[in-house]
Every structure is written in structure tokens, then in C-alpha cells.
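Biologist: I am new to this structure and should be grateful for a guided reading of it. May I put some questions to you once it is shown?

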Amino acid sequence: MSNRVYVGNLAWSVSWQDLKDHMRDAGDVQYSKVLTDRDGRSKGCGIVEFSTVEGAQDAIEKLTDTELKGRKIFVREDREDGKRGGGGAPRAPKAEASATTAEGGDSKPDAVASSTTPATSSSSSDKVEGSQLFIGNLSWDTTWQELKDYFATVGDVQYSNVAVGRDGRKKGFGFIRFATKEEASAAIEKMNGVEFMGRNIEVRLDNKA
């Protein structure tokens with residue numbers, strides 16, 4: 001457990017200061033930022049760093065499902081150590097953490113018409129039947145990391161991928177693989193039809209996995 005948390009389902013109008021003020025209910029906030037796209041628009045999620053691990057734990061326990069500017073937020077541990085773009089309050093530099101062990105990537109454009117070939121290698125022996133999902137109606141701005149972060153609120157994401165066409169443009173769908181089929185089933189139940197980055201996504205089993 002780290003002293004950083006990932007906060008999702010933020011209203012587009014939430015600033016880093018709004019986020020920091022809200023999260024102070026759990027402990028001393030050292031840093032906060034709202035993730036933004038290249039145009040400076042909010043992605044609806046952010047990162048908060050507390051002075052202690054206990055503060056982060058309290059935030060997860062106490063502030064998940066609390067309302068901030070009209071939306072119920074979710075809070076979980078930031079497993080990526082905040083290596084994402086976006087605006088926020090300045091903080092002192094810290095040592096770079098080790099990279100995540102979960103696989104992911106935007107599919108590299110190639111001659112495969114389906115563009116479902118993962119960008120990173122993955123042994124078929126690691127796959128659990130019924131654990132891989134097809135995610136449709138994604139925003140064109142969605143990256144594999146954002147997709148992974150969103151579904152990590154349900155379970156242990158082993159792999160995340162966003163399909164890209166031969167012209168280099170995203171196709172609006174992707175894939176998520178969980179460690180267990182139970183987590184995949186929970187994701188279908190909780191995430192299918194919900195809004196993610198401005199679009200209601202489709203979540204179902206990947207029949208081709």
C-alpha cells in the first residue's frame with residue numbers, strides 16, 4: 001500500500017484544488033492533480049498523495065462513494081505511482097517507482113484486419129477461460145492505461161489493450177483480461193452501460209479469446 005490514491009468519476013468541473021480540499025477529510029494532502037488530455041480538458045480522474053499511508057487508506061475507506069460536485073467518486077490505491085499527464089499542485093520530486101507488472105498497450109497498426117493482436121506478448125497459458133472482456137464504444141481519447149485504471153477498480157487487471165487501425169487511429173474498442181473469471185463477470189455486471197470518458201461503454205466476454 002502506498003500513500004497515493006487514484007480518484008475516478010470526477011465531474012469535469014473539478015479542479016486540483018477542489019480535489020485536494022475534498023480529500024483532506026481523510027488526512028494531510030501533499031499533492032493533488034486532475035488528469036487532462038492534450039487540449040487541457042479533464043479526463044474525469046485524478047491523483048492524490050497523502051503524507052502518510054494511513055491517510056491514503058482512510059481515503060479509500062471513507063471517501064469512496066462520497067459526492068464531489070454532483071458525482072459519486074471512487075477511490076483506490078494508485079498502482080502506477082502517478083505516471084500520467086495532467087495539471088495539479090506542484091510537489092517535490094521523488095524517486096521513480098518500478099514499472100507496473102500488468103501488461104498493456106495500444107495495438108500497433110499492422111496487416112491484421114481485426115487489430116486485436118496485443119501490443120505486448122502474453123502467453124496463452126496465463127489466460128483463464130472467461131477472464132477476457134471486449135470493451136466497446138470507447139472514447140477516441142482512451143488509452144490502454146486509462147482503460148486499465150478504470151477496470152482495476154473491479155479486480156486484478158492482467159492485461160489492457162486498445163485497438164488501433166492500419167492508419168494509426170483508434171477503433172473505439174479494446175480488451176481487458178482479469179486474473180479470474182469471477183472478476184470478469186463482476187466487471188460485466190458493474191461496468192456494462194456505464195459512462196467512461198463521456199461515452200456509455202459496452203462490456204462483454206471476448207468470444208474470440
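**Reading the predicted model**

Modeller: Let us begin with H22, which is buried in this predicted model. A residue counts as buried under 20% relative accessible area, and the relative accessible area of H22 is 15%.

Biologist: In which helix is H22 found?

Modeller: The protein has 4 helices, together with 14 strands. The helix that holds H22 covers residues 16-23. Its name is α1.

Biologist: With which residues is H22 in contact, leaving aside its neighbours within four places in sequence?

Modeller: Contact requires heavy atoms within 4.5 Å. Once the neighbours of H22 within four places in sequence are left aside, the residues in contact with H22 are L63, T66, E67, L68 and I73.

Biologist: What is the mean pLDDT of the protein, and over which residues is the pLDDT below 50?

Modeller: The mean pLDDT is 79, and 77% of the residues reach 70 or more. Where pLDDT is low, predicted coordinates should not be read in detail.

Biologist: How many contacts beyond four places in sequence does the model have for residues 106-125?

Modeller: Over residues 106-125, too, pLDDT stays under 50. The number of contacts that the model has for them beyond four places in sequence is 45.

Terms used:
Residues are numbered from 1 along each chain as its sequence is written. This is a predicted model: local features need pLDDT of at least 70, side-chain atom pairs count only at pLDDT 80 or more; totals for chains, interfaces and linings use all residues. Side-chain values use heavy atoms; hydrogens and water are left out. Helices (H or I, at least four residues) and strands (E, at least two) are DSSP runs, numbered from the N terminus. Buried means under 20% relative accessible area, exposed over 50%, partly exposed in between (1.4 Å probe, protein chains only). pLDDT is the predictor's confidence in each residue, from 0 to 100.
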